[in-house]
Amino acid sequence: MAADASGNTAIRARALTRRFGRRVVLDRLDLDVPARTTYGLLGENGAGKTTFIRLVTGFLLPSAGDLEVLGVSPAAQPGTVQRNIGFVMETSRLYPELRVQAFLRFCGGIRNMGGEALDAAVESAIERFQLGSVRNRLVENLSKGYQQRVSLAQAFLHDPALVIVDEPTSGLDPVQQRDVRDVLASLRGDHTVLLCTHDLHEAEALTTRVAVLRSGRLIAEGPTAEVLGAGDALALFRSGENRA
Amino acid sequence: MRPLLALVRKEFASLFGAPTAYLTLTMVALVTAIIFFERLKVYNQILIVYATNTMGGFDTDTIPDHVNLWDTVFFPVMEALGVTLLAAIPIVTMRVFAEERARGTDELLVTTHLSPWQIVLAKFLVTYAFVALILAASFVYPAAAIEQGGLGIVHLAAVFTGLLLLGLGIASLGLVCSAFTSSQLVAAVSGWAAAFVFWDFGWSYSFLNESTASVLDRIALHPRFGAFSEGIVAVENVAYFGAIALVSMALARFSFDLRRVGN
């Protein structure tokens with residue numbers, strides 16, 4: 001599927017707004033995520049990152065504004081969008097009662113994969129995300145780092161055009177964080193990856209462009225080195241300075 | 001179709017991967033067995049009393065009509081099995097949707113090739129299959145009573161159909177309750193409450209005018225189930241349970257839309 005008419009933009013938001021009751025969680029957001037890049041969406045907890053992701057996946061409907069994902073509106077055609085995205089959630093939201101290989105086969109099945117294609121995709125994912133030693137273990141018995149690898153593996157199983165990764169290293173110890181970042185770094189260039197994080201080092205290491213959200217508003221956007229390299233990057237999270 | 005089947009397989013794996021399924025299955029089978037043998041004991045004692053009093057053995061002329069296997073054993077066991085289902089099925093249904101919400105895996109499911117309708121259908125089908133399994137394991141006792149009572153296979157099939165539909169009706173109510181919450185406790189309690197409210201509206205004749213109470217009575221589970229116990233499979237009653245299933249699925253489907261626009 002083309003990213004948009006020209007294939008250059010994976011996600012395009014215009015005046016995108018989401019309210020929960022009277023609370024405005026996303027406020028007239030304008031954003032373009034270029035295709036085939038690793039794009040960072042930064043912001044402190046509660047900035048609106050997860051809400052933006054849920055709008056992109058079609059899990060939530062916007063209150064106002066326009067959103068196109070891979071050239072399609074997730075509000076109008078959620079199924080079309082959902083078929084072409086992979087999603088790694090904030091905490092590894094998996095099925096603890098399933099074994100790793102069975103879980104991956106299940107994830108392939110619900111993405112309409114079957115037969116030899118499914119076998120090949122599962123084997124490839126197990127190899128790519130180094131899950132061979134735990135393939136027959138129950139998900140609940142894995143370390144958090146391995147659970148996050150499983151979560152990443154299921155998201156890439158069907159080779160989606162867009163992969164959304166929400167706080168991939170949250171709750172992991174430093175070694176596990178490094179492992180997961182290495183895995184993400186190895187994926188650069190093949191897919192469009194929207195990486196949501198509040199970890200500035202992670203964004204610097206993995207992304208080419210970033211957008212910074214605060215209280216649902218876009219306060220900065222541009223090449224990662226430019227946005228995070230200019231002065232005190234932490235000030236973006238704290239101050240009211242608007243560089244969008 | 002493939003995503004639906006994948007989810008059905010996963011649902012069976014999740015269901016039988018947890019102890020709740022086995023405990024529920026054992027509980028219903030055990031309670032039914034205890035009640036059956038208790039009623040059978042009572043029946044035998046009554047027979048012995050009559051046989052002793054008349055000194056005439058078990059000649060049918062010496063035993064009143066109301067003392068029979070049907071009224072003394074079968075009906076009480078069926079009543080008890082119905083109430084047991086009422087208590088047991090919400091324990092099975094409570095986790096079906098609520099657990100997905102609590103874990104956040106519902107977000108994974110809806111961002112795949114699965115449509116909300118397919119998710120609902122898979123979960124209802126697996127739960128219905130489990131209810132059928134519970135009944136298959138428990139029905140051996142009522143079946144024995146019917147067989148010994150000489151009522152035949154047609155009557156047996158009618159009663160099993162009634163019990164199955166009752167079980168599916170209770171399960172449908174429980175699944176709707178599970179679809180609107182992320183708490184399994186809330187799902188179980190509201191499932192029980194809904195099932196008890198819909199069980200029998202006979203009480204409403206004391207509080208409401210007759211026409212209103214009559215309408216309520218028509219949507220109650222127990223009177224519909226009672227007709228099957230008599231061996232009558234009325235289309236109207238089958239349609240009633242079918243309607244409960246369809247309305248419940250539509251409500252569960254609606255819970256997905258509600259989340260999308262939720263405040």
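## A first look at chains A and B

In chain A, residues 24 or more positions apart account for 67% of the contacts with a separation of 6 or more, a contact being two residues whose C-beta atoms, placed from the backbone, lie within 7 Å. This is a predicted model, in which local features need pLDDT of at least 70 and side-chain atom pairs count only at pLDDT 80 or more, while totals for chains, interfaces and linings use all residues. Residues are numbered from 1 along each chain as its sequence is written, and chains are lettered from A and ligands numbered from 1 in the order in which they are written.

### Chain A: a sheet and its helices

Chain A has 9 helices and 9 strands; these are DSSP runs numbered from the N terminus, with helices (H or I) of at least four residues and strands (E) of at least two. Of its 244 residues, 48% count as buried. Here "buried" is used for a residue with 20 or more other C-beta atoms within 10 Å of its own, "exposed" for 12 or fewer, and "partly exposed" for what lies in between, with C-beta atoms placed from the backbone.

Let's start with the sheet. It is open, has 6 strands in the order S5-S6-S7-S3-S8-S9 (chain A), and its pairing is mixed. Two strands pair if DSSP finds at least two bridges between them. At the edges sit S5 and strand S9 (217-223) of chain A, each pairing on one side only. Neighbouring strands are turned by 15° against each other on average, direction ignored; axes are lines fitted to C-alpha atoms (for helices, over the stretch in contact), and angles run from 0 to 180 degrees between N-to-C directions.

| Strand pair | Sense | Bridges | A bridge pair |
|---|---|---|---|
| S5 (residues 85-88) and S6 (residues 162-166) of chain A | parallel | 4 bridges | A:Gly86 and A:Val163 |
| S3 (residues 38-42) and S7 (residues 192-197) of chain A | parallel | 5 bridges | A:Leu42 and A:Thr197 |

Which way do the residues of strand S5 of chain A point? A:Ile85 and A:Phe87 point one way, A:Gly86 and A:Val88 the other way, and all are buried.

Now for the helices on this sheet. H1(A) packs on the sheet and touches S3, S6, S7 and strand S8 (209-214) of chain A, with its direction at about 155° to that of S6(A). Why can H1(A) be called largely enclosed by the rest of the structure? Because 8 of the 8 residues of this helix (residues 49-56) are buried. Among them are A:Lys49 and A:Arg54, along with A:Phe52 and A:Leu55. After H1(A) comes A:Gly58, whose phi is positive, near 85°. Helix H5 (residues 144-156) of chain A lies across S5 and S6 of chain A and runs at about 170° to S5(A).

One residue deserves a stop: A:Ala125, in helix H4 (residues 115-128) of chain A. A:Ala125 counts as buried because it has 25 C-beta neighbours inside 10 Å. Leaving out residues up to four places away in sequence, A:Ala125 touches A:Leu104, A:Ala153, A:Phe156 and A:Leu157. A:Val72, by contrast, is 53 residues from A:Ala125 in sequence and 28 Å from it in space, C-alpha to C-alpha.

### Where the chains meet

How many residues of chain B are in contact with chain A? There are 24, and they meet 22 residues of chain A. The elements of chain B that give two or more residues to this side are helix H1 (2-16), helix H4 (105-110) and helix H11 (235-261). H1(B) gives the largest share, 7 residues. This side of chain B divides into 10 nonpolar, 9 polar and 5 charged residues; Ala, Val, Leu, Ile, Met, Phe, Trp, Tyr, Cys and Pro count as nonpolar, Asp, Glu, Lys and Arg as charged, and the others, Gly among them, as polar.

### Helix pairs in chain B

The axes of helix H7 (residues 152-179) and helix H10 (residues 221-229) of chain B come within 7 Å and cross at roughly 160°. That makes H7(B) roughly antiparallel to H10(B), since angles over 145 degrees count that way, under 35 as roughly parallel, 65 to 115 as roughly perpendicular and the rest as oblique. The residues that meet include B:Gly162 and B:Leu166 in H7(B) and B:Phe225 and B:Phe228 in H10(B). This contact divides into 6 nonpolar, 4 polar and no charged residues.

For helix H3 (residues 69-103) and helix H8 (residues 184-199) of chain B, the axes come within 8 Å and cross at roughly 135°. That makes H3(B) oblique to H8(B). Residues making the contact include B:Met94 and B:Arg95 of H3(B) and B:Trp192 and B:Phe196 of H8(B). The residues of this contact divide into 11 nonpolar, 3 polar and 2 charged.
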